[in-house]
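Please read the points below with the model open beside them.

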Amino acid sequence: MATGGGEIAHGFPHLETVRAAVTALFRRLSYDTVSTFDTSVLPVEVAFDDTEDIHLGAQRVARAMVRQLHLPDARIVISFREMEHAATVELTAGPEYFIELNERFRSHRKDIGAALAHEVMHLCLHRLDLSFPGTRDNEILTDTATTYLGAGWLLLDAYREHGPFSQKLGYLTPEEFGYVLARRAEFFGEDPAPWFTSPQAYDAYTAGAARARQDARRPPLAAAGRLARLRYAKDRHLARSGRPAPQSPDGYAFEGTDPLRVSFPCPVCHQRIRVPVRGRLRARCGLCGTVLECET
């Protein structure tokens, strides 16, 4: 798991991988199982003051993460040592969980929950046999899954910038963490905003939420904006006349001729949906079950 220090990247450079991670999560767990993660880990469960024994407190927080991510209860062994990264975890079949935390967390107890959330999710994904090829994409999958399943708001709250001091945990940018949190908030009807203690984290969540709202305003969805609708109508005309349409920045693509169909990403789980081009209709995503109003 990456730790803080140095210049912090911003924006949405990993957005396509993030979306692919959400799709993979729904495919592996199913809509019904994802729906059981409707409550996030709460601030009181990860609160950590200076009077609590560091090892006992870390084990208590780790158990909260194990419960949150629906892992089997088992003995958790946590140690601290000097290392380059924030934390590491031993991916074994069990029955114990072995996690190492960076020595600096002894004096930064507030962020232990964030580090443990990411590492426990590694255990969860290992048990699910869910991974992406390559270290970078696999870590993005881990951050995305942690956030979507209710523990990753802590990773965003660990993001702070104060003059020369900067810190960010995880591989997603702050805004990408905000994007996934907003996707989760919409799906579960849960607002994480009151839990943030970092002003920069709240700003990143706001930026991510604005980007997430754009997903619901892309054609052929009926809520698309005027300019996007005009671009869609032009591309549809090209497709009907047999000429190739340019690649759409909104992600839709026309297929076939008789009948003409359009495919587009579900704004909730990003699975591609294919429907006939025949005006106003309702489409139901086969993966997450979301019913979408479309103007094809």
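1. The largest nonpolar core has 96 residues, and those with the most contacts inside it are Met65, Ile78, Leu101, Ile112, Leu116, Tyr148 and Leu156. A nonpolar core here is a set of buried Ala, Val, Leu, Ile, Met, Phe, Trp, Tyr and Cys residues joined through side-chain atoms within 4.5 Å; buried means under 20% relative accessible area, exposed over 50%, and partly exposed in between (1.4 Å probe, protein chains only). Helix H5 supplies the largest share of this core, 11 residues.

2. On provenance: this is a predicted model, in which local features need pLDDT of at least 70 and side-chain atom pairs count only at pLDDT 80 or more, while totals for chains, interfaces and linings use all residues. Residues are numbered from 1 along each chain as its sequence is written, and side-chain values use heavy atoms, with hydrogens and water left out.

3. Leu116 is in contact (heavy atoms within 4.5 Å) with Ala58, Val61, Ala62, Met65, Ile78, Ile99 and Leu101, leaving aside its neighbours within four places in sequence.

4. Three strands form an open sheet of mixed pairing, in the order E1-E3-E2. Helices (H or I, at least four residues) and strands (E, at least two) are DSSP runs, numbered from the N terminus, and two strands pair if DSSP finds at least two bridges between them. Strand E1 (76-81) and strand E2 (87-90) are at the edges with a single partner strand each, so one side of each is left without a neighbour in the sheet.

5. E2 and strand E3 (residues 97-102) run antiparallel and are joined by four bridges; the partner of Ala87 in E3 is Leu101. Helix H4 (residues 54-68) packs on the sheet, where it touches E1 and E3, and its direction makes about 125 degrees with that of E1. Helix H5 (residues 112-128) also packs on the sheet, touching E1, E2 and E3, at about 145 degrees to the direction of E3. Axes are lines fitted to C-alpha atoms, for helices over the stretch in contact, and angles run from 0 to 180 degrees between N-to-C directions.

6. Strands E9 (residues 280-284) and E10 are antiparallel, with five bridges between them. Arg284 stands opposite Val291 in E10. The hairpin has six residues between the strands, and Gly289 takes a positive phi near 80 degrees. Strand E10 (residues 291-295) has Leu292 and Cys294 on its covered face, and Val291, Glu293 and Glu295 on the uncovered one.
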